[in-house]
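Here's a walk through a two-chain model, taken piece by piece. Keep the viewer open as you read.

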Amino acid sequence: MAKRAAPEVNAGSMADIAFLLLIFFLVTTTIEKDKGILRSLPPIDDSEVEPPIIKQKNLFTVLINRNNQLLVEDEQMELKNLRKAAIEFLDNGGDTNAEGERCDYCRGKRSPSSSDHPDKAIISMKHDRETSYDKYIEVQNELVAAYNFLREREAQRLYNRSFQSMLDEKEKNQFKKDEKLNDQIETIKKLFPMKLSEAEPDKN
Amino acid sequence: MSKFKNKKQGDLPAISTASLPDIVFMLLFFFMVATVMRDSSLMIENILPSADQVEKLKKDRTTFIYAGKPSSQFKQFGDEPRIQINDAFVGIEDIRPAVLQAQADMNEELQSKIVVGLKVDKNTHAGLVSDIKQELRKANTLKVMYITNAKAEQ
């Protein structure tokens with residue numbers, strides 16, 4: 001019997017298929033990029049200078065115990081209420097700052113028993129050695145969120161745009177400095193300076 | 001019906017390989033895009049916690065410290081959370097030289113902006129993290145980033 005010739009397969013469209021697949025994968029794959037909460041540690045201070053006395057009302061204490069329970073200003077609190085409580089504390093503006101200025105942008109209750117001015121308001125956080133890292137990050141996240149919320153609000157009020165978009169723009173143009181934008185960012189950061197201190201856990 | 005008549009029966013024609021380069025290139029591109037460069041293999045469990053107030057990490061100025069329980073292949077190292085830098089478990093006292101070394105290897109203009117990325121398993125106790133932070137303070141590398149998974153905002 002004579003051999004049968006298989007008809008030749010047209011390979012011309014193969015490249016098209018390949019490109020189609022290539023574009024599909026290009027669109028669907030995401031390059032993993034790490035994200036996280038950026039914080040600065042305090043430098044080691046060996047000097048024997050007496051730390052300044054901070055009034056209790058300017059201090060917002062957050063304690064996390066070994067069972068991952070929160071104690072905020074001597075009261076037990078659920079994590080979901082922490083952000084609101086921190087915002088209220090920072091935004092209180094009950095009195096004047098060190099220069100004797102009142103906080104004219106605060107919208108808080110101006111209660112005399114809470115913080116005087118965002119310049120003076122300090123959030124102090126302390127955790128136990130046995131606290132889980134998960135909880136620790138959640139609390140950090142809520143506290144950073146409180147600052148971000150207030151900064152966002154001021155950016156909207158002063159410059160009518162979101163703080164995040166300003167930071168994004170700064171990031172995008174990092175090689176050509178935009179003085180005006182930098183000034184605006186600094187102004188907002190100064191309105192609500194991030195004073196988030198962490199105490200070392202007790203050794204036990 | 002001559003249209004559908006079989007052609008002359010001949011020998012087997014060769015399959016065209018003209019598109020093979022395309023396929024290979026496609027695969028090449030795909031892997032180029034999809035691979036994440038990882039310079040150290042993890043010897044620990046590393047499920048990151050999640051947060052929504054996140055910033056992007058700048059790879060060029062970051063050095064990583066991992067911490068967590070040794071994973072199942074490394075059970076001989078015990079159950080306690082350990083610290084891993086590059087490819088080895090290290091003790092708490094090795095953090096400072098390792099970080100300073102990483103800083104020295106960096107571009108000169110970035111050395112002062114060094115960020116230490118902490119990739120810590122979420123079931124680790126926070127005491128270990130505070131030990132690490134204490135060492136970083138001693139090394140004077142004060143910027144840390146707690147690397148997290150991004151949580152969708154509510």
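This is a predicted model: local features need pLDDT of at least 70, side-chain atom pairs count only at pLDDT 80 or more; totals for chains, interfaces and linings use all residues.

Residues are numbered from 1 along each chain as its sequence is written, while chains are lettered from A and ligands numbered from 1 in the order in which they are written.

Helices (H or I, at least four residues) and strands (E, at least two) are DSSP runs, numbered from the N terminus.

Now look at chain A. Five of its strands make an open sheet with mixed pairing, in the order β4-β3-β2-β5-β6; two strands pair if DSSP finds at least two bridges between them. At the edges sit β4 (75-77) and β6 (196-199) of chain A, each pairing on one side only. On average, neighbouring strands of this sheet are turned by 25° against each other, direction ignored. Angles here run from 0 to 180 degrees between N-to-C directions, using axes that are lines fitted to C-alpha atoms, for helices over the stretch in contact. Inside the sheet, β2 (residues 59-64) of chain A and β5(A) run parallel over six bridges, and Leu63(A) has Lys126(A) in β5(A) as its bridge partner. Lying across β2, β3 (70-72), β4 and β5 of chain A is α2(A), at about 20° to β3(A).

Next, where do the chains meet? The contact takes 45 residues from chain A and 49 from chain B, where two residues are in contact if their C-beta atoms, placed from the backbone, lie within 7 Å. On the chain B side, α3(B) gives the largest share, eight residues. That side divides into 25 nonpolar, 13 polar and eleven charged residues; Ala, Val, Leu, Ile, Met, Phe, Trp, Tyr, Cys and Pro count as nonpolar, Asp, Glu, Lys and Arg as charged, and the others, Gly among them, as polar. Strand pairing also links the chains: β1 (residues 35-40) of chain A and β7(B) are antiparallel over six bridges, with Ile37(A) opposite Tyr146(B).

The largest nonpolar core has 47 residues, and Ala86(A), Ile65(B), Ala67(B), Val116(B), Leu118(B) and Ile132(B) touch the most other members. Helix α3 (residues 133-159) of chain A gives the most to this core, ten residues. Such a core is a set of buried Ala, Val, Leu, Ile, Met, Phe, Trp, Tyr and Cys residues joined through C-beta atoms within 7 Å. Buried means 20 or more other C-beta atoms within 10 Å of a residue's own, exposed 12 or fewer, and partly exposed in between, with C-beta atoms placed from the backbone.

Most residues other than glycine have a negative phi. Arg110(A), however, has a positive phi near 55°, in the loop between α2 (79-90) and β5 (122-127) of chain A. Because 14 C-beta neighbours lie inside 10 Å, Arg110(A) counts as partly exposed. Asn86(B) has a positive phi too, near 50°.
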